[in-house]
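Thanks for coming. I have one structure to go through today, and I will keep to the interface between its chains.

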Number of protein chains: 2
Amino acid sequence: MLERYLPILAWLPHYNSRLFGADLLAGIIVTVMVIPQSLAYAILAGLPAVVGLYASILPLLAYALFGTSRTLAVGPVAILALMTGAALSGIASPGSEIYLEAAMVLALLSGLMLTAMGLMKLGFFANFLSHPVISGFLTASGLLIAASQAANLLGVSGSGFTVVELASNLFANVSETHWPTLAIGTGCLIFLVVMRRHGKEALCRLGLGESAAALLAKAGPVFAVVVTTLLTWHFKLVDAGVAVVGDIPKGLPPFTFPTPELPLWRELLVPALLISVVGFVESVSMGQMLAAKRRERIFPNQELIGLGGANIAAAISSGMPVTGGLSRTVINFDAGAQTPAAGGFAALGIGLVTVALTPLLYYLPIATLAATITVSILTLVDIQMIRQTWRYSRSDFAAMAVTIALTLVEGVEAGIIAGVTLSIGMFLYRTSRPHSALVGRVPGTEHFRNVARHEVESASHVALLRIDESLYFANARYLEDTVYNLVASRPEIEHVVLICSAVNLIDASALESLDAINARLKDSNVTLHLAEVKGPVMDQLKNSDFLDDLTGRVFLSTYAAWSELKQSRE
Amino acid sequence: MLERYLPILAWLPHYNSRLFGADLLAGIIVTVMVIPQSLAYAILAGLPAVVGLYASILPLLAYALFGTSRTLAVGPVAILALMTGAALSGIASPGSEIYLEAAMVLALLSGLMLTAMGLMKLGFFANFLSHPVISGFLTASGLLIAASQAANLLGVSGSGFTVVELASNLFANVSETHWPTLAIGTGCLIFLVVMRRHGKEALCRLGLGESAAALLAKAGPVFAVVVTTLLTWHFKLVDAGVAVVGDIPKGLPPFTFPTPELPLWRELLVPALLISVVGFVESVSMGQMLAAKRRERIFPNQELIGLGGANIAAAISSGMPVTGGLSRTVINFDAGAQTPAAGGFAALGIGLVTVALTPLLYYLPIATLAATITVSILTLVDIQMIRQTWRYSRSDFAAMAVTIALTLVEGVEAGIIAGVTLSIGMFLYRTSRPHSALVGRVPGTEHFRNVARHEVESASHVALLRIDESLYFANARYLEDTVYNLVASRPEIEHVVLICSAVNLIDASALESLDAINARLKDSNVTLHLAEVKGPVMDQLKNSDFLDDLTGRVFLSTYAAWSELKQSRE
């Protein structure tokens, strides 16, 4: 029981020096690798760079205590940074006290929501984000983030959270392009793209082992950071106008607790909910993928608690919303992390950097960070998936297209809300006009198939009608119309058999419709039967008067109904 | 084509003197009967009594042109009056210019929405109001309306749109009860209840024919109006403080057009939508019931246009929102109306009354109207339905209970929105955790049933898993868990057959899950098969790579899969 809510108890007692060695190495590697992205995502959210570091210390420890994935690495991630920035931009101006405070409130609310959802076992909520909506959202967010970095690469000002804002700001300022900044940014971009595409291969050819080469290729951003920082320092590029990270306060993150200011909290409720759900989906799908690789399991409801704890930890240590990050988790996994202790070691490492080494980051150019964000974010843009979805299902594609379009034009919140609403709406619409088929017997078998698609036997006085949907309020009237039209168009029908093999539910509204159908068919001397009613549905029907009033019978199988009724012609 | 959008063309060319006679009589009877309720519902909505008359003239003519029901009578109805009052009470104080104007805007918006929904064939929208939600809403609204009339019966002031408001107002003023008013009100109440319960029977015993007795029993309100008006006039009860209808301006309704005032219109959008949908549901379900009795048909999408036209007509003639009214339609039907012309004659009749006879209504006591509303509205309270729903389905009952509770406590809008949201939410939740069953062969047949419920044959190396739901984003992950748990708990399984007889849809998210299941089972040397995949689903699967990657086969029937696989054991 205790182990369920504190997964750390499952692995800590069996901890040994072999695991320690592996985790420590992974922790050191993660420390080095995630510093640039932590700074970058804080800046993307409109926050001081150091907030990214703060959010990479305590949250990792909290997740190590409560999380169930052995290899997930939490921290600031690009999508949540974008969503945080979009949510806060309507409330305060970046750099102000309130803006910082609001970021913590957002983390706190999100943490409380995630924890509450975990305790109430509401992890299934995330299932209502369909794959097409998620991948559409990630693609559009990726494009937005890349576009938002264009200004940093050009060395001009120009922020925004929709393509319209970004394009107009960029267009207004493009004439002031700062060439040294652009040179650094473009250089980094090209280097990073080449490293990503050919780095591993090239390093292998230089004689490195495969796994070392893979890891080193991933260190491209670290290399870019070190080189451009040294260049900027040596050539005094700050005087030439290259924007750098600048002063970062030394020391551990200050303990904070957001003051409960009701109007602000209320305004952040919806963004916090969206951040929670998106963060959870991103984290848990990655966690599941990696757990499957090592034949481990993760528990979505406990994951909610783990991520909730991480966000609450972020809120009380001057951080920002966090979740399991794609790139930092992959680095952790590839570096050989065995238990959440690796995350703990990374937290210690980043803590050490924050305490002692922030002056080294002074000359780090913003353009370098922009290049690392741009390259890593474009992996989210999944054109392949868009094409596949178009091919497979037009309605899934529609949900995806609306999500992409609204995310780009109206921003992240509008995009995801529209996507979810549309996909639920389309599902409901589809179930409200169910497919149904008149079926006949496949000759020589007891199997029945659609008369329009297969060569089957049928009898003109028996209508075997298969309803391909649960019967509930949204399609109850449609069912009535279907049956009435059938009987009206074929006056020779004496028996209607509703085949319920696909009916998983008959709700109170549908029961009334069945009653009405039964009564109306009775008036026309047509008998109504049911066949293949499932156990749970039958149990429920027994709680009503319907079975007593039914003019016909309930057959176990379509074949039984057919055998009996085909001979019944008077 | 033209006939479809102007149903009047279907019957007008065949109009003859027999139909004319029947319709004229029905029109006269309706005129007399609906005047009291028209006045009463306008007062219920907080509007001047005459607005109820105005809304019973032009709208009837518009519906006669565009509506498809032969017997439906439109006009102000109790529920819409309550909803109108609730919507306007937040905007202006009753009696003010803006209040009147807002009522017309509400009718106009509702008319435009209904017409637009009709033209876009969105009649199915109404299906999302489930029976339990509708009957819960009607029950609670009936109680609210009855409670709101208590003040009028007591002769005290005290309005409100929730039980809390009503009870506190009533409690504050009950000490000022006006006894003559109470006497009139109680007298009418008792008379009307007795007439409703025993009137027909008593009149039959007095020697009247059955249908005449039925009609005359329904004229109870008219009789009460005439008698109490005469009493009030003769005994000068106005001087004693009995509230009466008072001056009603003589003349035809003034032509109006609501000025387009954007903030007001925007504020009324949601109430107008709710009024449209509720009015449509009330009207169309009654229309369908009556049409079935005479073997006629109504067309829901054209009904939307008919009701839309009626509301637009109400808006431009100083009226209020209207729909097909229960009691006035029943009167029209019973009086023998044959075509919508009966509505036209009623419109002429009410127009005549408005032009010439309004002074006769001066001494009509408000308490009499309150008594007629109270008696007619309590038929909406359907305790029987509540009990049946409880017995049949706890989740339907939950939706109903929430609708009732919120309507009473928070008002009509909150009630209906919560009911609809909850019933959709519960449906989605249910489909997100689908029932599934391992099935085996019913001995000697080709029929397969749940191993847990029936005596069936099965083989330990073949798992026949029937999934009782369409596969879509909300349950895709659940399906993965189900299959993985099954395979993990029974290592002897070599074949998993997903029986898709109840799967009416596989969306893009579920397709990804199937891909994942297929890949993961392959790793464990388990073969995945499908059986009984429906035509439309199969067509769609062919647009993906899934069938190429599938480790097993797609069988036409479960029996085919079983026959083949049970011998496959190595």
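This is a predicted model: local features need pLDDT of at least 70, side-chain atom pairs count only at pLDDT 80 or more; totals for chains, interfaces and linings use all residues.

Start with how the copies are arranged.

Now the contact. Chain A puts 67 residues into it and chain B puts in 66. About 6200 Å² is buried between the chains, and 55% of that lies on carbon and sulfur atoms. On the chain B side, the residues losing the most area to chain A are Tyr392(B), Phe427(B) and Phe473(B), which together make up 13% of what that side buries. Of the interface residues of chain B, 100% are also interface residues in chain A, so the copies meet through the same surface.

Next, the polar part. There are 25 residue pairs in polar contact between chain B and chain A, counting pairs with both residues at pLDDT 80 or more. Several helices of chain B each supply at least two residues to the side touching chain A, among them H8 (131-154), H14 (269-293) and H22 (473-489). The largest share, eight residues, comes from H21(B). By class, that side has 24 polar, 22 nonpolar and 20 charged residues.

Last, salt bridges: the count between the two chains is six. One of them joins Asp545(B) to Arg391(A), with the closest N and O atoms 3.6 Å apart.

How values were computed:
Residues are numbered from 1 along each chain as its sequence is written. Chains are lettered from A and ligands numbered from 1 in the order in which they are written. Side-chain values use heavy atoms; hydrogens and water are left out. Contact means heavy atoms within 4.5 Å. Buried area is the accessible area (1.4 Å probe) that two parts lose on being put together, summed over both. A salt bridge is a side-chain nitrogen of Lys or Arg within 4 Å of a carboxyl oxygen of Asp or Glu. A polar contact is a pair of N or O atoms within 3.5 Å; within protein, one must be able to donate a hydrogen and the other to accept it, and residues adjacent in sequence count only if both atoms are side-chain atoms. Helices (H or I, at least four residues) and strands (E, at least two) are DSSP runs, numbered from the N terminus. Ala, Val, Leu, Ile, Met, Phe, Trp, Tyr, Cys and Pro count as nonpolar, Asp, Glu, Lys and Arg as charged, and the others, Gly among them, as polar.
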